[in-house]
Every structure is written in C-alpha cells, then in structure tokens.
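Here is a structure to read through questions. Each answer sets a value beside its definition.

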Amino acid sequence: MSIELKNVTYTYSPGTAYEIHALKDINLSIPDGQFIGIIGHTGSGKSTLIQHFNALIRPTSGTITYNGEDIWGEKYDRRTLRSEVGLVFQYPEHQLFENDVLSDVCFGPMNQGLSREEAEVEAKKALQHVGFKEENYSKSPFELSGGQKKRVAIAGVLAMNPKILILDEPTAGLDPKGRDDILDQIAELHKVRGITIILVSHSMEDIAKYAERLIVVNDGEIAYDDAPKAVFAHY
Ligand code: ADP
Ligand code: MG
C-alpha cells in the first residue's frame, strides 16, 4: 500500500511567457508507515510535489497511483483520497474558516459523513493529540497565536483519521519551544497511530531528529532520496 509517482512533471502556466517547469520527471515510492523528510531551497518544488500526493494538483504528465489505483482515473474517488491523505498547508490561515476552534476541527469529519456529535469526539481527540487546551475550544481560530493556529490546522486534518499526514513547513515562524512541541507530537502520532508522516521542512535539524528517509528536492528534481545520514554525507 503506497503512493507511487511515475515520470511526473508539472508546469505552471504552460505555453505562456510565465511558464515554469516546477517538477521534472519525478519518480517516487512512498510505502506505508515511513517518516519522510522533504527538504530543498525555496522555489525548488516541494509544495508543488506534495500537493500531487492527494490530488490537489494534477500532473502535466506522468502517473500517480495510490494503493495501485490511478488517482486521476475517470471513476477514482478523490474525495476519499483527500481524507486518507491529509495535507496541512504551510499557512494555517488558508484552512481555518469556522467561527470557533471546535467547529473548525469538526468540519473535516462532518464532511466525511459524521454527525456533529460524532465529529466532536474525533475533533476533541485530535485537539488533545496536538496539545490544544480545552478552555480555548470556543475561541475564534483567528484570535489565536501562530503556534495555536498551526495546532488547530493539524488537528483539523487529524480529526479525519488520515493514513498519511503531510505537513508543509509546520514549524516555520514558531519559536524553538513551540517547534519542538509540535514535532514531538507529530513523532508521537507516527509511533502510536502508525501513520505515514511526510514533513516538509527547511530545518536540517528537525529532519535529522525525526525522519528515517530524506528526499532532497532541487530545481524540480529529486537530488537525493536516502537515509538522512547518507544524504548529509553529500549535501
Ligand atoms: P517550494 O515549496 O519548494 O518553495 P514551490 O513548489 O512553491 O516550491 O514552487 C516551485 C516553483 O513553482 C517556483 O518557481 C515557484 O515560483 C513556482 N510556483 C509555485 N506556485 C505557483 C503558482 N501558483 N503559479 C505559478 N508559479 C508557481
Ligand atoms: Mg513551499
């Protein structure tokens, strides 16, 4: 069971003066249960790459399969895919929109068909998992600190019980304490729930501490894909 990318390319604004080849012939296999770090300079293609994993972006060419099925097949259920492969965006503002924290985190599970009561059970579990305090459940997501917003955004995805959790720079802009907190909780989820974690980060330190596999993206290509130690020996 895995995500497989075969010869995937992605071009923004093809055929125009603004054409950008963001991904070039990517081949990648992501088996269940790994903790993967993705690293690379700004603009190297990391965010474009991970948005292919849950079909938010359709490749310009190449194929992507999830558990052996082409996710761009005509009858493929991409809605289910997006709840199994959860993506937390770099800017939590992009995924927070309800009036209060609890409703926000309930949105995903309700969208999956749970009642509000059932969704609350999942939402509370997820909020607990990311260390978000119950006394703040009724606050507006927009009055929270950066770190708290990140937690709510992560909980919103976790509440759908994804099999794969992708986080795009979850620690950017946080202080060291907040950063360690969030990463420790993610590592715990990996251990306890056995979820595959894909962590995009620009921090070598974070990756070295948590990931068992490191993918280095450079100018739309995979420069290295190996155990962090082996990659650090070159990079
Ligand atoms: P990273 O996440 O590694 O910073 P991105 O995937 O965001 O890299 O960007 C890869 C390349 O694609 C960059 O050259 C970036 O400017 C370009 N790009 C990203 N998003 C868009 C977009 N929506 N429209 C046009 N170009 C984009
Ligand atoms: Mg990015």
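Q: What makes the four strands S2-S1-S4-S5 an open sheet, and which way do they pair?
A: The model is predicted: local features need pLDDT of at least 70, side-chain atom pairs count only at pLDDT 80 or more, while totals for chains, interfaces and linings use all residues. Residues are numbered from 1 along each chain as written, chains are lettered from A and ligands numbered from 1 in written order, and side-chain values use heavy atoms, without hydrogens and water. The four strands follow the order S2-S1-S4-S5, and the pairing is antiparallel. S2 and S5 (69-70) are the edge strands, each pairing on one side only. Strands here are DSSP runs (E, at least two residues), and helices are runs of H or I with at least four, numbered from the N terminus.

Q: How do you know that S1 and S2 pair?
A: Two strands pair if DSSP finds at least two bridges between them. Eight bridges join S1 (residues 2-12) to S2. So the pair meets the definition. One example is Ser2, whose bridge partner in S2 is Pro31.

Q: Why are S6 and S10 said to stand at the edges of their sheet?
A: Their sheet is open and mixed, with six strands in the order S6-S7-S8-S3-S9-S10. S6 (85-88) and S10 (221-226) each have a single partner strand, so one side of each is left without a neighbour in the sheet. S9 (residues 213-218) pairs with S10 in the antiparallel sense over five bridges.

Q: Which strands of the six-stranded sheet does helix H1 lie across?
A: H1 (residues 46-53) lies across S3, S6, S7, S8 and S9. Contact means heavy atoms within 4.5 Å. H1 runs at about 145° to S3. Angles run from 0 to 180 degrees between N-to-C directions, with axes fitted to C-alpha atoms, for helices over the stretch in contact. H1 also lies across S1, S2 and S4 (61-66), at about 50° to S2.

Q: Which element gives the largest share of the shell around ligand 1?
A: H1 does, with three residues.
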